[in-house]
Amino acid sequence: MSEQHAPEHTRALRARIEAREARVAVIGLGYVGLPLLATVIDAGFPAIGLDHDASKIERLARGESYLPHLGIDLTRFASGDDGVRLASSSEALDDADVVLICVPTPLREDRTPDLSAVEHACQEIAGACARHNRPMLVVLESTTYPGTTREVVSPIVCVRDGVFVAFSPEREDPGRTTHTTATIPKLVGGLDEASGALARAFYERVVEHVVPCASAEVAEAAKLVENIYRSVNIALVNELKVSLHAMGLDVWDVLDAAETKPFGFQRFDPGPGFGGHCVPIDPYYLSWKASEVGAPADFVQLAGEVNRRMPRFVVDRCEEALRARGTAFERARVLVLGLAYKPDIADVRESPSFELIALLRARGADAAYHDPHVPETWPGRRHDVGMRSIEWTAERLASFDAVIISTDHAWYDWRFVGEHARLIIDTRNAMRAVTETDEGVRTKTILS
């Protein structure tokens, strides 16, 4: 791609952006794209929401949500406002001046980057670019390794002059209410000076604070570092949990004590593994790229492996506890509480609960789950367990040989759980308040 742009292209697109006349298309209306589209509309830009899942488009047009925990007012999509267009066909991109790519960037089975969705989106954009001569700004928001925007996106979309390319990573946190898409600082890095300037001009009119980066590669790497920081620290406390357990120590007591230090320590809590799109996946994007350039990121890779081992540790603890009580694991009925990867949402992407269910079944146990936010499962990239959440009653809870607390939703009454469950494997320390005052519950609660 040439880093030289015709001044008239730059001026024309900037003028449309500054006047909020530029039509903005968001490709991919999932956990990132849907709130971004809403924010773009709120900022006063005419908008196009594109997703090839026609059922999503139909539900949005009816004002229905398929991601209810995001808390987005969908009337702006269903109102029929001429400034908002929903589409499942890439022909809608012909009217776009700015295109934001918010498609999934998963891992392949061998844990290498799968950019097929990004490449497909870029090919659709290239088709639109070839059909009209207006200047266009293309911004990749999907998390990826440094160099993707320059090496993958640009060669596909830059089919003519007047196409500007930048990277601005999403920073969504499903379920969080203290920040929104508009209030989270936005990193922006262009492939060249003109692209970076146009991208900044656009986002300055959409979000409260834009953070310019020296290049697209800096912005790409920064996004990965943010999530690697979490992955490494989660792995640290998860590994400590295993080691301290072997020493007869409660990791939660240790963390409570360490947290009293007013400097030099930030608390992370252990769990049954890790979930969501970011932490289980993003570190592997960096470690893959690091290996490609001959500088392996062993520490990053190890953190991912530690976190992936945790479901097995939890199931091991469950099996040990059941056998100690004379229950054969091969005939045990085990209930997993919480299918979402974090509390109080319905997001099950990469949830360790699926790994727990798979391991329980592999060892012969009869596994079931309850989640107030996930009434039934659906096929995912890695799991298709084909299950429904059980009815929540004292009798059903008491019918299981063991209960594994995987997600500590605020919905749960932990005293109710303590009263009716026979054995509790608590991976989140959710039962602490109950066990501190109830000796009977304490004796049947195993921290894991």
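A polar contact is a pair of N or O atoms within 3.5 Å; within protein, one must be able to donate a hydrogen and the other to accept it, and residues adjacent in sequence count only if both atoms are side-chain atoms. The model is predicted, with local features needing pLDDT of at least 70 and side-chain atom pairs counting only at pLDDT 80 or more, while totals for chains, interfaces and linings use all residues. Residues are numbered from 1 along each chain as its sequence is written, and side-chain values use heavy atoms, with hydrogens and water left out.

In such a contact, the side chain of threonine 393 reaches the backbone nitrogen of arginine 396 at 3.0 Å. Threonine 393 sits in the loop between strand 10 (366-370) and helix 13 (394-398), where helices (H or I, at least four residues) and strands (E, at least two) are DSSP runs numbered from the N terminus.

| Pair | Separation |
|---|---|
| Threonine 393 side chain to arginine 396 backbone nitrogen | 3.0 Å |
| Threonine 393 to histidine 420, C-alpha to C-alpha | 9.3 Å |

Elsewhere, eight strands form an open sheet of mixed pairing, in the order 3-2-1-4-5-6-7-8; two strands pair if DSSP finds at least two bridges between them. Strand 3 (84-87) and strand 8 (210-212) are the edge strands, each pairing on one side only. Strand 4 (residues 98-101) and strand 5 (residues 136-140) run parallel and are joined by four bridges, and isoleucine 101 has leucine 140 in strand 5 as its bridge partner. Contacts of isoleucine 101 (heavy atoms within 4.5 Å) include Ile27, Ala121, Ile125 and Val138, not counting residues up to four places away in sequence.
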